[in-house]
Every structure is written in structure tokens, then in C-alpha cells.
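Colleague: I have a structure here that I have not seen before. Could you walk me through how to read it?

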Amino acid sequence: MEDILCEMMTNPDRMKRLLRGLCDYHKKVITGFAKAGAHAYFTTDDLGAQETLMFSKEIFRDMFLPLYEELAAHCHNMGVDFWFHCCGAITDILDDFIAAGIDVIHPIQPIAMDQQKIAKKYRNKITFLAGIDVQYLLPRGSVQDVINGTKKLIDTFDHEEGGCILAASNGIMPETPLENIEAWLKTAESYGREKRLSYK
């Protein structure tokens, strides 16, 4: 990772060749998935640290954004949606993701982003694959904390027109108590159903 970040600054043309190769590879995979009947393509690039982007918006817009636009366009041309995972503090580039044509964004990472502000600002502009906190809440919280946190996540992102899918914000850590995972899943199903029915 350190070498890649340095390469962006010291040899940007070489870095762009690498990214071009990755983009072309993704397009071939997207084509294969679409032909097999897939409804969406889900890929990932972690561009944010806990408090800020890993590099400047200028570098992102120069090196990455044109390729995301290309991938989103290829997905849509093939009749599939473009789902994208990007951890960290990426608030500053959400407008770019939406303009690029990304359909679903994951996870709106707790701690790194203000979920309530994001949900309010970008509702009806992009679908949220909203992630429950796997860093602190699931592994360290009580069962009641997890229940409350799950309900808060649903209340934050779900609304009558839709636009919310529930998920973990990343891989669930092995030290996470099983009762917390059970509380998360049961609450997501029961409270999520209750929330949806309330709109009727």
C-alpha cells in the first residue's frame, strides 16, 4: 500500500497504466456476469482513512474518477447496477460517486462518517448499503446496545421510497460475541419489517 501511494506521486503515468489494466479487467468480468444474468456488479476500493481521504481529491479526480465513470457506464450498458464498497472518511467525494453513476454505496462507515447528515443530504440520489458498526458496536457493545444501534441505523437510512439495504460495515471480527450477531440479524429483520409496514 505504501508503495502504491508513493507511486501516485513519483510515477503517475505508471500508476495510470496499472489502473487502466484493472479497469479493463473489471469490464471483462462485468460483461461475463451480465451474460450470466447478474443484476449488479459489486467491487471495492478503500479510499478513506478513519478521518480523511488517503490522498487529495485532485488525485482522486485525475486517476480514479474517470475509471469509475467508465465502469458505471459499462455496467449500465450491460443492464446491471454498479455497487461500490469504499471504507473510511469519503464524505468529500460522495458527490463525485453519484455523478459517476454509482448506484449503491457501502458502508457509510460509522465513526468515519456522519451517517445522519449523509442520509439526509443524499437520500433519493443513491442507494445506501448501510453498514452496522463492526469496529466497536458489534464486538464491544451489549446485546441491548446492538439492538438500539440497529434500530438507529434503520431509522437513519430507511424511508418510504426505499433506498436502504442493511449490511455489516465490513467483515465481522472473530472476537464478536455470537449473541450480538444474533441480535443484529433478528433486529434488522423484525424492526426493518416493522418500519416498512409502517409506511403503508
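Modeller: Start with the order of elements. This is a predicted model. Along the sequence, the pattern runs α-α-β-α-β-α-β-α-β-α-α-β-α. That comes to 8 helices and 5 strands.

Colleague: What share of the contacts joins residues at least 24 apart?

Modeller: Take contacts between residues at least 6 apart in sequence. Of these, 69% join residues at least 24 apart.

Colleague: Now the helices. At what angle do H1 and H2 pack?

Modeller: Helix H1 covers residues 2–10 and helix H2 covers residues 12–35. Their angle is about 120 degrees, and their axes lie 6 Å apart. Roughly perpendicular ends at 115 degrees and roughly antiparallel begins over 145, so H1 is oblique to H2. On the H1 side, the contact uses Ile4, Glu7, Met8, Met9 and Thr10. On the H2 side, Pro12, Arg14, Met15 and Leu18 take part. By type, the contact residues are 6 nonpolar, 1 polar and 2 charged.

Colleague: Where does H3 have its kink?

Modeller: Helix H3 spans residues 57–77, and its kink is at Phe64. The bend is about 45 degrees and comes shortly before the proline Pro66.

Colleague: Which residues of H3 are buried?

Modeller: First, a general idea. An α-helix has 3.6 residues a turn, so residues three or four places apart point the same way. Now the case here. The buried residues of H3 include Ile59, Phe60, Met63, Phe64, Leu67, Leu71 and Cys75. The buried set packs against H1, H2, strand E1 (40–44), strand E2 (81–85) and helix H4 (94–100). Just after H3, Gly79 has a positive phi of about 85 degrees.

Colleague: Is Thr187 buried or exposed?

Modeller: Check the relative accessibility against the 20% cut-off for burial. Thr187 has 8%, so this residue counts as buried. Thr187 sits in helix H8 (residues 178–198). Beyond its neighbours within four places in sequence, Thr187 touches Ile147, Thr150, Lys151, Ile154 and Gly192.

Colleague: And where is Gly171?

Modeller: Gly171 is in the loop between strand E5 (164–168) and H8. With 35% relative accessibility, Gly171 counts as partly exposed. Gly171 and Ile93 are 78 residues apart in sequence and 23 Å apart in space, C-alpha to C-alpha.

Colleague: What is the phi of Ile108, and what is that of Ile111?

Modeller: Both are positive, although neither residue is a glycine. Ile108 has a phi of about 55 degrees, and Ile111 has one of about 80 degrees. Next, look at accessibility. Ile108 is buried at 1%, whereas Ile111 is exposed at 58%.

Definitions and conventions. Residues numbered from 1 in each chain as written. Predicted model: local features only at pLDDT ≥ 70, side-chain atom pairs only at ≥ 80, totals over all residues. Heavy atoms only, no water. Axes fitted to C-alpha atoms, helices over the stretch in contact; angles between N-to-C directions. Helix = DSSP H or I, 4+ residues; strand = E, 2+ residues; numbered from the N terminus. Parallel < 35°, antiparallel > 145°, perpendicular 65-115°, else oblique. Contact = heavy atoms within 4.5 Å. Nonpolar A, V, L, I, M, F, W, Y, C, P; charged D, E, K, R; others polar. Bend = angle between axes of the 7 residues up to and from the residue. Buried < 20%, exposed > 50% of the residue type's maximum accessible area, 1.4 Å probe, protein only.
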